[in-house]
Amino acid sequence: MKLHSFHIPVMGIGFTIDTPLKVSHLGIDSVISLVDDILLEKLRKMYCEMFEMPYHEISESIEDFRAKRITSYLNLINDLAEEKFGKLKEITTGCSNELKQYFNILPDTSALKQQFKSLTSYGFNLSKLKDLLETNLSMGSIDVNIMTKVDKENYQKAQLLPVKYNDAHAALRGYANSNLSSSVILSAGMNPRLYSYMEEFEDFYADAKGRIKKKIVLKVSDYRSALIQGKFLAKKGLWVSEYRIESGLNCGGHAFATDGYLMGPILAQFRDNKEELTQEIHKILVDALSHKKAHIPSLPLPIKITTQGGVGTAEEHQFLLEHYKVDSVGWGTPFLLVPEATTVDKDTLNKLVDAKEEDLYLSNISPLGVPFNNLKGNTKDEEKSILIKKNRPGSSCPKKYVALNKEFTEKAICSASRHYQYLKIKELDKKELPKKTYQKEYDKIVQKACACVGLGTAALLKYNLDTKKEGEGVSVCPGPNMAYFSKTMNLKEITEHIYGKSDVIVRNDRPNMFIKELDLYLEFLKTKLEETKDSVNGKQKKYLSTFAKNLSEGISYYQHIFGGLKTAFKNSKLQIQSDLDKGRNVLNQICSELEELQIKTKNG
């Protein structure tokens, strides 16, 4: 039974690497990234020593070491979290501080919280309290994230290994073989080979009672993507238990922008079509399972709709729950400022506390070629700049998790690596371009940063672990929302903020989450238009026109929704409506420029 209406999404590679060990016993769901098995192994060793448990190293010489490292780490975290949860419920000598914290961070509307208070106000009946705890308390889910496209091929003694040893495949196997009963969040788009590989693991299928030990969650940014992927998996006999809708731009980490579709209309589509989605996919699932001669659920299995990206106030949180009927709301970026929950080194934490709007920007530093939310002045970028000044751009690429580029080599290399950038610059030099054009192309090459290392280093620094291989540079990827949170918080403070008991935001100029996303999309469209001003083709014109049309429809949707609200956003409704009018004016200006460009190209 889920007691909280929020969850902590995956952040970076190392920021939520051990979050379940910090919050799962308190009933909070969170997500571990499975990108970096080297980091997982280092933390497994650390925790084994800390809790005086035997540690047997899983070295790279062991067959299938990546999957085995992941399995071992997840089993350890699960065992330690279950032990903490068991101790929390032990009330022989009274209520522990952890038990009190469990109930303190629940919303005041929680019936369970009220029951606990009434049972413990004037001493307590041991038997009744024990019964309450055993019947109602549950751990937070220890979920994992796999970026489906980060599926690097692997070699052994120069020999290419079978596909099942690719990085994402091995991560999936590592999770599938673990003791966890939780969810895998699949993000960054569809990987048909990986999805097909899931068929091989029993834990992803429903049992005779319709229970699934390891549930599949798809992180998506629009309804069409959810439907395509949900159907694909159903044809394999696999049910998607949750569709996690993330804002395309108002989020942390990689930003998978939609074609101008805004979050509100997308959530409304999921809400209004949930029953149809369930029935359509259930029918495909039944057909697939009958061919497999597997157990067929008589009724459609449940589907959850959750969301994340840019939420920052209790009012927004409640609106998402009530208006869009979502099952849970992800709070990511603000939790980077909660040391009780996430793993961030002191220097990075201070930078995040001080961050303003101008310090947070959408960059092109990711080797994946996807826009990436970045913080100015992070130490990984500073490291990168020093190497560029020394005329030795690029990373030594110590971990190679994003070595996916085969432009120059038979064996894939990373576009942030020194090897790749040397070859790319060499190619550029041969073009004999004008100085200004050359510099522009050169900057595009060297701006790529070693994110797969930088996004995990904070955990090593936080725990004083060896960084000889990685270096000390930290990449951090907060969403734009970070600008409005300006102090570190404990769990009590952040949960009271989420549930409306207090307000940690001291600024009074924070825009509504839907307005912020609209502004980010308008800025994104402006940039795309600017990029095509010198030469635009038919495909680009169609993309820009469709993008603008979708934004226009999104603004009209919000004007209708906010115009009809009676109680929600009572104090900010006029400001929201004014901001929507401003957004409309900005879009009209962009559309005028787009029309001029089309006429200019036509008359070309």
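**Close-up views of a predicted model**

**View 1. F51 lies in the loop that runs between helix α2 (37-50) and helix α3 (65-88).** In this predicted model, F51 is partly exposed, because its relative accessible area is 38%, a value that falls between the limits of under 20% for buried and over 50% for exposed. Together with M50 and M53, F51 forms a nonpolar patch on the surface, and the accessible area of these residues together is about 270 Å².

**View 2. K380 is placed in helix α13, which covers residues 379-389.** The relative accessible area of K380 is 7%, and therefore this residue is buried. When residues up to four places away in sequence are not counted, K380 touches C450, V453, G454, E470, G473, V474 and S475.

**View 3. S138 is found in the loop that links helix α6 (126-136) with strand β3 (142-147).** With a relative accessible area of 16%, S138 is also classed as buried, since the cut-off for that term is under 20%. If its neighbours within four places in sequence are left aside, the residues in contact with S138 are M1, L3, G27, F85 and Y102.

**View 4. The cysteines C48 and C95 are shown here as two buried residues.** C48 has a relative accessibility of 3% and so counts as buried, while C95, at 18%, counts as buried because its value is under the 20% limit. When the whole structure is searched for disulfides, zero are found.

Terms used:
Residues are numbered from 1 along each chain as its sequence is written. This is a predicted model: local features need pLDDT of at least 70, side-chain atom pairs count only at pLDDT 80 or more; totals for chains, interfaces and linings use all residues. Side-chain values use heavy atoms; hydrogens and water are left out. Patches are made of residues with over 30% relative accessible area and no salt bridge: like charges are joined within 9 Å, nonpolar side chains (Val, Leu, Ile, Met, Phe, Trp, Tyr) within 5 Å. Accessible areas come from the Shrake-Rupley method with a 1.4 Å probe; for residues, only the protein chains shown count as cover. A salt bridge is a side-chain nitrogen of Lys or Arg within 4 Å of a carboxyl oxygen of Asp or Glu. Helices (H or I, at least four residues) and strands (E, at least two) are DSSP runs, numbered from the N terminus. Buried means under 20% relative accessible area, exposed over 50%, partly exposed in between (1.4 Å probe, protein chains only). Contact means heavy atoms within 4.5 Å. A disulfide is a pair of cysteine sulfur atoms within 2.5 Å.
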